[in-house]
Amino acid sequence: MMKFRFRRQGADPQREKLKQELFAFNKTVEHGFPNQPSALAFDPELRIMAIGTRSGAVKIYGAPGVEFTGLHRDTATVTQMHFLPGQGRLLTLLDDSSLHLWEIVHHNGCAHLEEALSFQPPSRPGFDCASGPLSLARVTVVLLLAAGDLAALGTEGGSVFFLDVPTLTLLEGQTLAPDDVLRSVPDDYRCGKALGPVESLQGHLRDPTKILIGYSRGLLVIWNRAAQCADRVFLGNQQLESLCWERSGNTLVSSHSDGSYAVWSAGAGGSPVTQPTVATTPYGPFPCKAINKILWRNCASGDHFIIFSGGMPRASYGDRHCVSVLRAETLVTLDFTSRIIDFFTVHSTRPEDEFDEPQALAVLLEEELVVLDLQTPGWPAVPAPYLAPLHSSAITCSAHVANVPAKLWARIVSAGEQQSPQPASSASSWPITGGRNLAQEPSQRGLLLTGHEDGTVRFWDASGVALRPLYKLSTAGLFQTDCEHADSLAQAAEDDWPPFRKVGCFDPYSDDPRLGVQKVALCKYTAQMVVAGTAGQVLVLELSDVPSEQAVSVASVDLLQDREGFTWKGHERLSPRTGPLPWPAGFQPRVLVQCLPPAAVTAVTLHAEWSLVAFGTSHGFGLFDYQRKSPVLARCTLHPNDSLAMEGPLSRVKSLKKSLRQSFRRIRKSRVSGKKRAANANSKLQEANAQLAEQACPHDVEMTPVQRRIEPRSADDSLSGVVRCLYFADTFLRDAAHHGPTMWAGTNSGSVFAYALEVPAAAAGGEKRPERAVEAVLGKEVQLMHRAPVVAIAVLDGRGRPLPEPYEASRDLAQAPDMQGGHAVLIASEEQFKVFTLPKVSAKTKFKLTAHEGCRVRKVALATFASVACEDYAETCLACLTNLGDVHVFSVPGLRPQVHYSCIRKEDISGIASCVFTRHGQGFYLISPSEFERFSLSARNITEPLCSLDISWPRDTARTSHRLRESPKLSQANGTAGVVLAPGSRDGSPGPGRSKGADTPEPPEATLSPMSIDSATSADTTLDTTGDVTVEDVKDFLGSSEESEKNLRNLAEDEARACAILIK
């Protein structure tokens, strides 16, 4: 039988206009620390810093909120970066020896980064001597001269070329060849050996005609460009690594490959200097590693700073990453946990000043940026207002909390300040303060919570462009681990020499993998929080402003319910400490609920008004009353054949025989069903085509597309009992006349359980409910036909809006839900969205995403989209991220598709798994282990850098004409450019650009506060290896190019047809 489904004629122009006012896709800013940094630069006049990465990204930072981002055309490593002081221009050198000139330009009052010029040296072969063409194949070092208008390029062959920076052209006739230098060197020093590559070029602060050249062999030459001769020659014999020229020009310091450094006197004199004034190996006498970079900074007090990286004893501490700071008799060895990329000091660079007087030391490491205050005794670390390493311990989950009350915000900030008290003098000593942030103050405060592998939860200020760390919660202190014993042994074995000092917060090692945080939920009105972990631990915490010492109540919930035939083969539970324990100010644990078996928690939700917490694992779900400290409910969701769930995420004992058997069953089943379909398909298809040929199809009517056939999933698939989502709601479940508290649970096999709860009502005006027990009765049980995993559940009120969060309606913080009309429940599975009426649970409407789009649902959230044109108009919609990285937005409760955008590359499995939506139409996902990409689906609610920079370089038309291109609005380190897209309609018609920028303030808090339907805070995610990265994800990643070409051909054919037919 054939059915025609006719849609209405064409699209509604009014609705299309409204879509453009509500929706717009923008990738706005990258939060966190740049992935794989490779170069560093600092402009002392503008007080801005640049970081280059291995993927070719250029990121410039100033004061908090001042950020510029660019991306080179070619994916090449940025090896060196140099600011043209005070001009807002940056010269970058890539590992292919190409040079690129970047400019910070202003348009309409806001600044952005553009690439102006590029220079690729000719790769012609040569002998690099006077008799043959000089080779510029590989540039080793760059030095800017004459206020940035001239650049000296040192090469691997030993030559020094000169480049006109404004035009990036080589200056003919000024090249300094190795033979020109060798004429000033005694014959016995030459002895037929080459000078080697140019390792260092240094300029004289007060005499720009002089250049200090250091060759790899150890020769140092002060070259006078005006006279074209060598003023002084220093005959070093040790392989050179780095050079520094003291600001007066009378002292040189060189570092070498054997871990030594030498101080040379550059006073008047014509004869070559053969011996340094001072030569020392600071960590000798045993063989040491090379000192890669050295700095000399003098002070008015007479004590100079010598700062160098490396030089550690090769046998004992060759694996340490250290920067040593030496001043007079004080030596501190800064011990970092990741590789050192580069470092600089913030000091006076004005030629008229006699002394450097360094204020701060900034060290760029592979995984973090550390800044030390050199003017405060003890040289303390300065807390970073941004660029904090998100991945100080690997991120395992994340959640977003919007509209945080000012009182809770202040308490969290206060708790964070007590964790790391700083001296008063260093409170405002962050040295990178250039530029002005033009963005308006955010109208609401947003918290980003990240759970980590070491059992910590970190609180970040996500209200603006700069992601600022606020507070760190650690759960490891509640449990007994082996780390204390190991730490005491390490401290006992540590010698007094070298004087190591641990610096930085990057610590990739976890003491116990069971401590890993899997899920977090926060009630922003009661300051109560739930943290669930890998070993089945569920912690209920409460915020306290003062330290305390108290015992934590421990309870166990057996989710197997004494079911026979199951044996847990995974890890053991964590052993909690007994007795009163000291807790610092901040979130302090009140109750520990231990799930048995101790499997990783896969879902959690909190209802502070009822004092209930629900949690789920791969075995079932439980409900706990943390006011009475007693369990309410435990339900096992295991299938009789689900033995894989008993092995745990850390077990390596997998049933190979069982997995092979299941694979062959699927193959056999697909072949049989394929033959049956093929037998009947030909005859039915011919009949259908014959009937269609006789009918006149109206060409101006849009038809629904052909739906894909979806095979039901097997009931005995492994891990079918995993609880994917939990949800609390006050709704109608038993009958249409009485509403009350309910709890909903969705599983991996498409089962939905709805429980009616008997919660004692609190007295009028009282916060806490009576001490009577809570009761739970199973009210409904729904089994989805295709057994697709249930991703999220939400109840809609009589107006079709989501229910408010706990305490929002009772405290008049949101519009009270409509309890007169009929409620409905929205159930989102991996394949479709479906709305059921309550209390009958009959299907009302649905949208089959997999059948229509060929993708699966990964993340879902309800969000409020405010209109750009009308300040009071907003719509609540369903935002969905698929396994292909696309974001779809649907109306609620009608489930009509509104817009869809390509957001994340489908190959980026971890990025898709890490995505979290906010309540106001924004989202975050990991583009690297250390960076969150922020994106916006809302045309009004956009958080992006809006800043300006006071530059002294006058832009003339001649130079502007040389500009190559404008850098993308935001270029990611992983190569996905953040292009500004307009909300196109479903039929692919292009829409106009965004109608309002980020200077539009966020709308006031909506009258209704829709929450994410994953938890009571926002869509959270788990990034462990047994979590959201499924077999389907890997299949998507391994999709063949033939399949892609076939899909493109099918798409072209579908567009060519006048209408589409649905045959049932």
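Helices (H or I, at least four residues) and strands (E, at least two) are DSSP runs, numbered from the N terminus. The structure described here is a predicted model, in which local features need pLDDT of at least 70 and side-chain atom pairs count only at pLDDT 80 or more, while totals for chains, interfaces and linings use all residues. Residues are numbered from 1 along each chain as its sequence is written, and side-chain values use heavy atoms, with hydrogens and water left out.

The protein chain has 12 helices and 64 strands. Of its 1064 residues, 55% count as buried, where buried means under 20% relative accessible area, exposed over 50%, and partly exposed in between (1.4 Å probe, protein chains only). With contact taken as heavy atoms within 4.5 Å, residues 24 or more positions apart account for 63% of the contacts in the protein chain with a separation of 6 or more.

When residues up to four places away in sequence are not counted, Leu163 touches Leu99, Phe119, Asp149, Leu150, Ala151, Leu153, Leu168, Thr169, Leu170 and Leu171. Leu144 stands 19 residues from Leu163 in sequence, and the C-alpha atoms of the two are 9.4 Å apart in space.

Gln537, in turn, belongs to strand β38 (residues 537–544) and is buried, its relative accessible area being 4%. A polar atom of the Gln537 side chain lies 2.9 Å from the backbone nitrogen of Ala535; a polar contact is a pair of N or O atoms within 3.5 Å, of which, within protein, one must be able to donate a hydrogen and the other to accept it, and residues adjacent in sequence count only if both atoms are side-chain atoms. Leaving aside neighbours within four places in sequence, the residues in contact with Gln537 include Phe479, Arg514, Leu574, Leu592 and Val601.

Helix α1 spans residues 13–22, and Glu16, Lys19, Glu21 and Leu22 are buried within this helix. These buried residues pack against β2 (23–32), β55 (857–866), β56 (874–882), β58 (897–902) and β61 (931–938).

For the sheets, two strands pair if DSSP finds at least two bridges between them. Strand β24 (residues 305–310) runs antiparallel to β23 and is joined to it by six bridges, and Ile291 stands opposite Gly310 in β24.

Another open sheet is formed by four strands in the order β51-β52-β53-β54, and here the pairing is antiparallel. Its edge strands, β51 (790–796) and β54 (843–848), each pair on one side only. Five bridges link strand β53 (residues 832–837) with β54 in the antiparallel sense, and Lys834 has Lys846 in β54 as its bridge partner.

Strand β48 (residues 740–747) is mostly covered, since eight of its eight residues are buried. Strand β47 (residues 723–731) pairs with β48 in the antiparallel sense over eight bridges, and the bridge partner of Cys725 in β48 is Gly746. The pairing of β48 with strand β49 (residues 751–758) is also antiparallel, over five bridges, with Ala756 in β49 as the bridge partner of Thr742. Three residues lie between the strands in the hairpin of β48 and β49, where Gly750 takes a positive phi near 80°.

Aromatic rings were examined last. Rings of Phe, Tyr and Trp (its six-membered ring) pair if their centres lie within 6.5 Å, and planes under 30 degrees apart count as stacked, over 60 as edge-to-face and the rest as tilted. By this rule there are 23 aromatic pairs, and one aromatic cluster is formed by Phe25, Tyr901, Phe917, Tyr925 and Phe935.
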